[in-house]
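Thanks for coming, everyone. Let me put today's structure on the screen and walk you through it.

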Amino acid sequence: MQIIDNIPEFKRDPLVVLLLGFITCGLYLIYWNLQAAKVFNALNGREILSPVVAVFAGCIWPVNMYFFFIIGRDGLPALDQRLGIPERDQSILLMLLGFFFPMIAAMIVQSEINKLYN
Amino acid sequence: MESRREIVAITALLLFLLMPLVILLFDPGADHLQSSQSFCPFKMLTGLPCPGCGMVKSMVSLYRGAWMESLEFHLFGPVLVLFFTSTLVVKIVGLIRKKDFPCRWLYNPRVAWSVAIILGIWHLTRLVSFILTHNLEQILKESIWS
C-alpha cells in the first residue's frame with residue numbers, strides 16, 4: 001500500500017466495493033474495514049478505530065453500527081478538514097446504513113475516501 | 001469528546017451483550033429464532049450466510065448454557081462474548097475513574113489480521129459446506145425470494 005503524505009492510499013471504485021462485498025459473501029468488507037480504519041486513523045493522527053474492532057465490524061451487528069458511527073463523527077470531518085471543505089457530521093446516516101446496508105455505507109465512505117487522491 | 005466516544009462504545013457493547021437476553025426473555029426455547037427468516041440483509045438477498053450469520057443464535061445458545069451448540073452456530077460467538085464483556089468492564093471502570101486503560105492489543109494490526117484470517121478461513125469452510133449440503137431450492141428458501 002502506497003503512503004501519500006502519511007495517509008495510506010486506498011482508492012477503489014465504490015461500485016467495486018459493492019460488487020466484491022457481494023461476490024465474496026461479505027469477506028471483502030472485513031478487508032475494506034481494516035484499510036478504511038488505517039486511512040481514518042492516519043487522517044486523525046490518532047487511533048480512532050481499532051483494527052480488531054474493524055474486523056468484527058465487517059460482519060457483526062452492532063459493531064458495524066459503531067464502526068460507521070465513528071467514521072461519520074470523527075473520520076469524515078477529519079477528511080473534510082483535510083480537503084478544506086466545511087465539516088459534515090454524517091454519523092447517524094452512516095450508522096443506520098451500516099445497520100441495514102453495510103455494503104452501501106462502505107460505498108459512500110469509499111467515495112469520500114477517493115476524494116483524498118483526486 | 002473522548003468520554004462521549006467511550007459512552008457510544010459502552011452503549012454498543014451493552015446492546016451486543018444484552019440483545020440475546022432480550023430474545024431469551026420473549027422466546028425462552030429460542031424456537032422462533034431457529035425457524036424464522038434471518039434479518040441479515042445479505043442472507044435475505046442471496047440465501048447464503050455472511051461472516052456474521054449465526055452470531056445471535058450462538059450467543060443465545062451460550063446464554064442458555066449450550067456451549068457446543070453455541071460453537072456450532074458461530075465459532076466466534078463465545079470468544080466475542082468474553083472479549084466484549086472484558087472490554088465493557090475496562091471501559092466502564094475507565095469512565096468512572098476518569099482514567100484511560102489502553103488495551104494495546106486492540107490496536108495491534110497483527111492481532112487484527114490474525115483474527116481476520118481465522119474468520120475468513122472459517123467462513124469460507126462454512127460457506128463451501130453450506131453450498132455442498134444445500135440445493136438451490138433450499139438456499140433460496142433461506143432468502144426472501146422463496
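How many helices and how many strands does chain B have? Eight helices, written 8, and 0 strands. Before going on, please keep in mind that this is a predicted model. Along the sequence, the pattern of chain B reads α-α-α-α-α-α-α-α. As for its extent, the C-alpha atoms of chain B fill a box of roughly 55 × 40 × 30 Å along the principal axes.

Now to the interface. Chain A puts 32 residues in contact with 39 residues of chain B. Together the two chains bury about 2,900 Å² between them. Carbon and sulfur atoms give 80% of that area.

What about charge pairs and polar pairs? Between chain A and chain B, the salt bridge count is 0. Residue pairs in polar contact number 2, counting pairs with both residues at pLDDT 80 or more.

Which helices of chain A take part, with at least two residues each? Here is the list: H1 (14–23), H2 (27–44), H3 (51–57), H4 (63–83) and H6 (102–114). H4(A) gives the largest share of the side that touches chain B, with 6 residues. By class, that side of chain A has 24 nonpolar residues, 4 polar and 4 charged.

I will take the second largest pocket, which holds about 730 Å³ of space. Its lining has 32 residues. Which of them are closest to its centre? They are B:Arg5, B:Glu6, B:Lys91, B:Asp100 and B:Tyr107.

Both chains contribute here. H4 of chain A gives two or more residues to this lining, and so do helix H1 (2–26) and helix H6 (77–96) of chain B. The largest share, 8 residues, comes from H1(B). The lining divides into 19 nonpolar, 4 polar and 9 charged residues.

Note on methods. Residues numbered from 1 in each chain as written. Chains lettered and ligands numbered in written order. Predicted model: local features only at pLDDT ≥ 70, side-chain atom pairs only at ≥ 80, totals over all residues. Heavy atoms only, no water. Contact = heavy atoms within 4.5 Å. Buried area = accessible area lost by both parts, 1.4 Å probe. Salt bridge = Lys/Arg side-chain N within 4 Å of Asp/Glu carboxyl O. Polar contact = N/O pair within 3.5 Å; in protein donor to acceptor, adjacent residues only side chain to side chain. Helix = DSSP H or I, 4+ residues; strand = E, 2+ residues; numbered from the N terminus. Nonpolar A, V, L, I, M, F, W, Y, C, P; charged D, E, K, R; others polar. 1 Å grid on protein atoms, 1.4 Å probe; cavity = no way out; pocket = protein on both sides within 12 Å on 5 of 7 lines; lining within 4 Å. Points joined across faces, edges and corners; volume = space filled by probe spheres on them.
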